[in-house]
Amino acid sequence: MIASEIITKFELFMDDTTDLSSTEELDLLNKIYTRVCMDRPWEFLKKAFTGTTSGTLTYISLPSDFAYLTQNANYTDSSYSASRPVIFVGSMFSPYQVVSWSDRRQYRDQIGYCYIDIVNSRLYFTFQPEEGLAVEFDYSSVPTALTLSDTPLIPSRFHDMLYHGMCVEDNIIQQSDKAKSYAQENQQKYKSYFDDMCYWNSNLIQI
């Protein structure tokens, strides 16, 4: 469904009890959509970044939709222990360990380390890398706000979760006795769709 169709279903379920304007309804949809997307590192939000090092800068600018790094140095075989995300550098994909921003001083001028400066949206290397080296990493992206004609990145079979979530929020906003009476039912339906998507996502991760 596109956003306008989700809003139409929201209005149908609310049975004309909502006092929200069209703009407020779209804002509410985006609120629920963002809440769902930010809940965990969903597979449909993961992206791969590729770039190159500069001979004059010790950092690479993060993509504009960067949320956080995701695991990219593990093995699917469970006999291997899990590792933290790394940054792959060069043609041999040398793994650079990502250290905490607060610990960056302890790694100053050491090769093989980097850190995220989230305030300035940069990935810094603790040692000036050679120029022109390939840089790769995986990250969870922040989805852009939906317009009425946009389709959520969430798989279509889970779209119903969004208008049920909108109904729950509208019940709180309206504070009317009639609206309150449907809050628990909509919360249960919203949670049901959300749990389904969580299960689907966990299966993807195990692949």
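**Strand pairing, salt bridges and local contacts**

Strands β5 (residues 94-99) and β6 pair in the parallel sense, over three bridges. The model described here is predicted. Strand β6 covers residues 113-117. Strand β6 also pairs with β7 (residues 122-125). Here the two strands run antiparallel, and four bridges join them. D117 stands opposite R122 in β7. Strands β6 and β7 form a hairpin, with four residues between them. The turn includes S121, whose phi is positive, at about 55°. Four of the five residues of β6 are buried, so this strand is largely enclosed by the rest of the structure.

Salt bridges were searched for across the whole structure, and seven were found. Among them is the pair formed by the side chains of E169 and K31, with an N to O distance of 3.0 Å. This pair links distant parts of the chain. E169 lies in helix α3, whereas K31 lies in helix α2 (residues 22-37). The two residues are 138 residues apart. E169 is buried, with a relative accessible area of 11%. That value falls under the 20% cut-off, so E169 counts as buried. K31 counts as partly exposed, at 43% relative accessibility.

The side chain of E169 also meets that of R35 in a salt bridge, at 2.7 Å from N to O. R35 lies in helix α2 and E169 in helix α3, so this pair ties together parts that are 134 residues apart in sequence. R35 is partly exposed, and its relative accessible area is 38%. Another salt bridge is formed by D39 and R40. The closest N and O atoms of D39 and R40 are 2.6 Å apart. D39 is partly exposed, with a relative accessible area of 40%. R40 also counts as partly exposed, at 29% relative accessibility. Through shared partners, salt bridges join K31, R35 and E169 into one network.

Helix α3 spans residues 160-174, and D160 is found in this helix. D160 is buried, with a relative accessible area of 16%. This area is under 20%, and D160 is therefore classed as buried. The side chains of D160 and Y163 are joined by a polar contact of 2.6 Å. Beyond its neighbours within four places in sequence, D160 is in contact with M1, K9 and Y193.

G55 is partly exposed, with a relative accessible area of 38%. This area lies between the 20% and 50% cut-offs, so G55 is neither buried nor exposed. Residues up to four places away in sequence aside, G55 touches Q128 and E131. In sequence, G55 and Y33 are 22 residues apart. In space, the C-alpha atoms of G55 and Y33 are 41 Å apart.

Technical notes: Residues are numbered from 1 along each chain as its sequence is written. This is a predicted model: local features need pLDDT of at least 70, side-chain atom pairs count only at pLDDT 80 or more; totals for chains, interfaces and linings use all residues. Side-chain values use heavy atoms; hydrogens and water are left out. Buried means under 20% relative accessible area, exposed over 50%, partly exposed in between (1.4 Å probe, protein chains only). Two strands pair if DSSP finds at least two bridges between them. A polar contact is a pair of N or O atoms within 3.5 Å; within protein, one must be able to donate a hydrogen and the other to accept it, and residues adjacent in sequence count only if both atoms are side-chain atoms. Contact means heavy atoms within 4.5 Å. A salt bridge is a side-chain nitrogen of Lys or Arg within 4 Å of a carboxyl oxygen of Asp or Glu.
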